[in-house]
Amino acid sequence: LGFDAINGEINRGSLSRLLAQPISRDTVINGKFLAGLTIIALMVISLGIAIGGLGLVMIGIPPTLEELLRIMLFFLLTILYMSLWLAVSQLFSLFFRQTATSALACIALWLFLSVFVGLLAGIISDVIFPANNSSTVDMVLKNNQLELMINRISPTTLYNESTVTLLNPGVRSLGPITQDQLIGAVAGVLPLSQSLLLIWPHFVSIIAINMICFAVSYVYFMKQEVRA
């Protein structure tokens, strides 16, 4: 939806004619992003309702109000996560004049953040805080915390942790827990408000990255020479 949003128009020679209507530049960049976002939202909500209806027919147990709210927040989170990659692909469509280059750059960035960040996080944390049979508990905790911090650079990790917390009320922590911290803890599930407190930084981070990518695309497109 986004890798050829702008450079495709430039290569076809239709962007200069589009801006000559006259249509302002901000209308073009906003329309490109909002059109893709609308398609993503329709796709996610339609598939979610279809799968939810099928599950309701098969199981026969209707969801409670809290479960319904969790599902709706999951839809919202999924739309925000997919719109983030839409903003990234639209940004690359401005940076690269060839559509194939922008598509490959998007795929490369996605692969790096989804796969290789996790591998690098383990290597870096093991180098800085080695964890072996002779390591202390404090060293193991620091190793785990550093690995988790590096992994959270990736939006994929933020989305996965948020999804697990939203859809599974039994998740009560997203970090390492020591045995001392479990003393006095009451077994149970978290209400929706407490689950949201756990993943609120994840929501804010995904929205912030989305806004930054779109803002860079907006500023770059407004200053780009497209009539030549």
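Mentor: Helix α7 (residues 155-167) and helix α8 cross at roughly 160 degrees, and their axes come within 9 Å, where axes are lines fitted to C-alpha atoms, for helices over the stretch in contact, and angles run from 0 to 180 degrees between N-to-C directions. That angle makes α7 roughly antiparallel to α8, a label for angles over 145 degrees, with under 35 counted as roughly parallel, 65 to 115 as roughly perpendicular and the rest as oblique. The model is predicted, so local features need pLDDT of at least 70 and side-chain atom pairs count only at pLDDT 80 or more, whereas totals for chains, interfaces and linings use all residues. Residues are numbered from 1 along each chain as its sequence is written, and side-chain values use heavy atoms, with hydrogens and water left out. Helices here are DSSP runs (H or I, at least four residues), numbered from the N terminus.

The crossing of α7 with α8 is left-handed, meaning that the near helix is turned anticlockwise from the far one by less than a right angle. On the α7 side the contact (heavy atoms within 4.5 Å) is made by Pro155, Leu158, Tyr159, Glu161, Ser162, Thr165 and Leu166, which meet Leu192, Ser195, Leu196, Leu198, Ile199, His202, Ser205, Ile206 and Ile209 of α8. By class, this contact of α7 with α8 comprises 10 nonpolar, 5 polar and 1 charged residues, with Ala, Val, Leu, Ile, Met, Phe, Trp, Tyr, Cys and Pro counted as nonpolar, Asp, Glu, Lys and Arg as charged, and the others, Gly among them, as polar.

Turning to the aromatic residues, a search of the whole structure finds 7 aromatic pairs, a pair being rings of Phe, Tyr and Trp (its six-membered ring) with centres within 6.5 Å, called stacked with planes under 30 degrees apart, edge-to-face over 60 and tilted for the rest. One of them joins Phe214 and Tyr218, a tilted pair at 6.3 Å centre to centre with 45 degrees between the planes. Because Phe214 and Tyr218 lie 4 residues apart in helix α8 (residues 192-223), they are separated by about one helical turn. Tyr218 has a relative accessible area of 26% and is therefore partly exposed, the class between buried (under 20%) and exposed (over 50%), with a 1.4 Å probe and protein chains only.

Definitions and conventions: Helix = DSSP H or I, 4+ residues; strand = E, 2+ residues; numbered from the N terminus.
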